[in-house]
Amino acid sequence: FLTSYNLSGYVLDYEASNVVAWYPRFLQALAAALKDPSRGPSLKIGISPSSAKYLDGTDSLTDLVLLQSYNVAVDLRDFLSVFDSKNIFYGLCPEGCSDQGPQEACFAVAKLQLGGIHVWRLNSMGHAGQAEYENAVMRSVYSLLHAKEGTPQQQSGFFNLADSFAAPSCMSRDILL
């Protein structure tokens, strides 16, 4: 399926009823299948966790950790003890499920040397005007991550989500203070 549709990997939602003791064994089997050189290029494995329970020992199996940091129950320190910080992406939720914004996320990325920022639920609610608001959040994230390079060129239409996955140049002194 992934190669048929030219996808580069698979992300697993890891919360609620998905938090199970056998998850590491499942992840090992998935990694064996997706990273098997006889099947072609290695595919990425990402998880989007709200809990670090049962995740010890899975760092080498996971390429991206799209942290549900917008969930008040998530303690970033729990994930830093399991995963390489450069693989952790701080999560923003522009639909009102968190009071954290792009500047707080940028500060966390810079301070903890995280991999970057991801934005969750892009236009999933389907409310009028929601897409424009979410694009404004994406432009803000991009501007913070690329502060030294200026702002994005595109001023209207949809923003490229992939541009938010970037090495943080929000480590500038102005942002950290």
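**Sheet, helices and burial in the predicted chain**

Of the 177 residues in the chain, 42% are buried (under 20% relative accessible area; exposed is over 50%, partly exposed in between; 1.4 Å probe, protein chains only). The structure is a predicted model, in which local features need pLDDT of at least 70, side-chain atom pairs count only at pLDDT 80 or more, and totals for chains, interfaces and linings use all residues. Residues are numbered from 1 along each chain as its sequence is written, and side-chain values use heavy atoms, with hydrogens and water left out.

The secondary structure comes to 5 helices and 5 strands. Helices (H or I, at least four residues) and strands (E, at least two) are DSSP runs, numbered from the N terminus. From that end, the elements follow the order β-α-β-β-α-β-α-β-α-α. Contact here means heavy atoms within 4.5 Å. Among contacts between residues at least 6 apart in sequence, 57% join residues at least 24 apart.

The 5 strands form an open sheet with parallel pairing and the order 1-2-3-4-5. Two strands count as paired if DSSP finds at least two bridges between them. Strand 1 (9–14) and strand 5 (116–119) stand at the edges. Each has a single partner strand, so one side of each is left without a neighbour in the sheet. Neighbouring strands are turned by 25° against each other on average, direction ignored. For such angles, axes are lines fitted to C-alpha atoms, for helices over the stretch in contact; angles run from 0 to 180 degrees between N-to-C directions.

Strand 1 pairs with strand 2 (residues 44–49) in the parallel sense, over 6 bridges. Within strand 2, P49 is the bridge partner of Y14. Helix 1 (residues 23–34) packs on the sheet and touches both strand 1 and strand 2. The direction of helix 1 makes about 170° with that of strand 1. Together, strand 1, helix 1 and strand 2 make a right-handed β-α-β unit. A crossover is right-handed if, with the strands pointing away from the viewer, the path from the first strand over the helix to the second runs clockwise.

Helix 1 has 12 residues. From its first C-alpha to its last, helix 1 reaches 16 Å, close to the 16 Å expected at 1.5 Å a residue. The expected span is 1.5 Å times one less than the number of residues. Y23, P24, L27, L30, A31 and L34 of helix 1 are buried. They cover an arc of only 120° around the axis, which puts them on the same side of helix 1. The arc is that of the directions from the helix axis to the C-beta atoms. The buried residues of helix 1 pack against strand 1 and strand 2. The face turned away from this buried side carries the exposed residues R25 and A32.

Strand 4 (88–92) is mostly covered, with 5 of its 5 residues buried. In a regular strand the side chains alternate between the two faces of the sheet. I88, Y90 and L92 point one way from strand 4, and F89 and G91 the other way. Strand 3 (residues 64–66) pairs with strand 4 in the parallel sense over 2 bridges. There, L66 stands opposite F89. Strand 4 is also joined to strand 5, running parallel, by 4 bridges. In strand 5, G116 is the bridge partner of F89. Helix 3 (residues 102–112) lies across strand 4 and strand 5, at about 165° to strand 4.

Two further positions were examined. L80 lies in helix 2 (residues 76–80). L80 counts as partly exposed because its relative accessibility is 29%. Leaving aside neighbours within four places in sequence, L80 is in contact with S85, I88, L112 and L114. L80 and L112 are 32 residues apart along the chain, with 8.9 Å between their C-alpha atoms. S50 is found in the loop between strand 2 and strand 3. At 16% relative accessibility, S50 counts as buried. Beyond neighbours within four places in sequence, S50 contacts Y14, E15, A16, Q68, N71, V74 and F79.
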